[in-house]
Amino acid sequence: MDKRYKPLSPPEQLAQRRHAIEEVLAHPEWSLAESVRHLKTGLRLTSAELARVAGISQKTLLDIEQGRSPGTVQTLNRILGVVGLKLGVVRMERPPGPAR
């Protein structure tokens, strides 16, 4: 846990984690970098801690967070897998207009 925050009780930690996950799911317009950054801060983890838990290098995580690298699907699934999420593909809605 990031030492800048006051320690939370286990029920408070669980609620904080659920809230961070729900926030990411509620904002599909966020970039992957924004989502990863939000999860990290919502879980109250440092970059080093999240990278270690996800099994990736800290540099890779920082590059994704700062938009220098889009990351691979495998890497993003490792990061999202920490909270039980998985990168997916969905069909985009077509804008209203004449059919093609």
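Trainee: How do helix 1 and helix 2 cross, and at what angle?
Mentor: In this predicted model, the axes of helix 1 (residues 10–26) and helix 2 (residues 32–42) come within 9 Å and cross at roughly 165°. That makes the two helices roughly antiparallel, since angles over 145 degrees get that label.

Trainee: And what is the handedness of that crossing?
Mentor: Helix 1 and helix 2 make a right-handed crossing.

Trainee: Which residues meet there?
Mentor: From helix 1, Gln16, Ala20, Ile21, Glu23 and Val24; from helix 2, Ser35, His38, Leu39 and Gly42. By class, this contact has four nonpolar, four polar and one charged residues.

Trainee: Stepping back, how many helices and strands are there?
Mentor: The protein has five helices and zero strands. Along the sequence the pattern reads α-α-α-α-α. The C-alpha trace spans about 55 × 30 × 20 Å along its principal axes.

Trainee: What share of the residues is buried?
Mentor: Of the 100 residues, 29% count as buried.

Trainee: OK, the core. Which residues touch the most other members?
Mentor: The largest nonpolar core has 18 residues, and Val36, Leu39, Ile56, Leu61, Ile79 and Val83 touch the most other members. Two or more residues each come from helix 1, helix 2, helix 3 (47–54), helix 4 (58–65) and helix 5 (73–81). As a general point, nonpolar side chains tend to be buried together in soluble globular proteins.

Trainee: Take leucine 61 from that list. What is it in contact with?
Mentor: Leaving aside neighbours within four places in sequence, leucine 61 contacts Val36, Ser47, Leu50, Ala51, Ile56 and Ile79.

Trainee: Which residues of helix 4 are buried?
Mentor: Leu61, Asp63, Ile64 and Glu65 are buried in helix 4. What covers the buried residues of helix 4 includes helix 2, helix 3 and helix 5.

Trainee: How do helix 3 and helix 4 cross?
Mentor: Their axes come within 8 Å and cross at roughly 115°, so helix 3 and helix 4 are roughly perpendicular to each other. The crossing of helix 3 and helix 4 is right-handed. Ser47, Ala48, Leu50 and Ala51 of helix 3 make the contact with Gln58, Leu61, Leu62 and Glu65 of helix 4. These residues divide into five nonpolar, two polar and one charged.

Trainee: Lysine 40 next. Which helix is it in, and is it buried or exposed?
Mentor: Lysine 40 lies in helix 2. Lysine 40 counts as buried because its relative accessibility is 13%, and the cut-off for buried is under 20%.

Trainee: What does lysine 40 touch?
Mentor: Not counting residues up to four places away in sequence, lysine 40 touches Leu45, Thr46, Ser47, Leu50 and Glu65. Glu65 is one of the buried residues in helix 4.

Trainee: What does proline 70 touch?
Mentor: Ile64 and Leu76, not counting residues up to four places away in sequence.

Trainee: What separates the C-alpha atoms of proline 70 and proline 98?
Mentor: These C-alpha atoms are separated by 34 Å, with proline 70 and proline 98 lying 28 residues apart along the chain.

Trainee: Last one: what share of contacts joins residues at least 24 apart?
Mentor: Among contacts between residues at least 6 apart in sequence, 44% do.

Notes. Residues are numbered from 1 along each chain as its sequence is written. This is a predicted model: local features need pLDDT of at least 70, side-chain atom pairs count only at pLDDT 80 or more; totals for chains, interfaces and linings use all residues. Side-chain values use heavy atoms; hydrogens and water are left out. Axes are lines fitted to C-alpha atoms, for helices over the stretch in contact, and angles run from 0 to 180 degrees between N-to-C directions. Helices (H or I, at least four residues) and strands (E, at least two) are DSSP runs, numbered from the N terminus. Angles under 35 degrees count as roughly parallel, over 145 as roughly antiparallel, 65 to 115 as roughly perpendicular and the rest as oblique. A crossing is left-handed if the near helix is turned anticlockwise from the far one by less than a right angle, and right-handed if clockwise. Contact means heavy atoms within 4.5 Å. Ala, Val, Leu, Ile, Met, Phe, Trp, Tyr, Cys and Pro count as nonpolar, Asp, Glu, Lys and Arg as charged, and the others, Gly among them, as polar. A nonpolar core is a set of buried Ala, Val, Leu, Ile, Met, Phe, Trp, Tyr and Cys residues joined through side-chain atoms within 4.5 Å. Buried means under 20% relative accessible area, exposed over 50%, partly exposed in between (1.4 Å probe, protein chains only).
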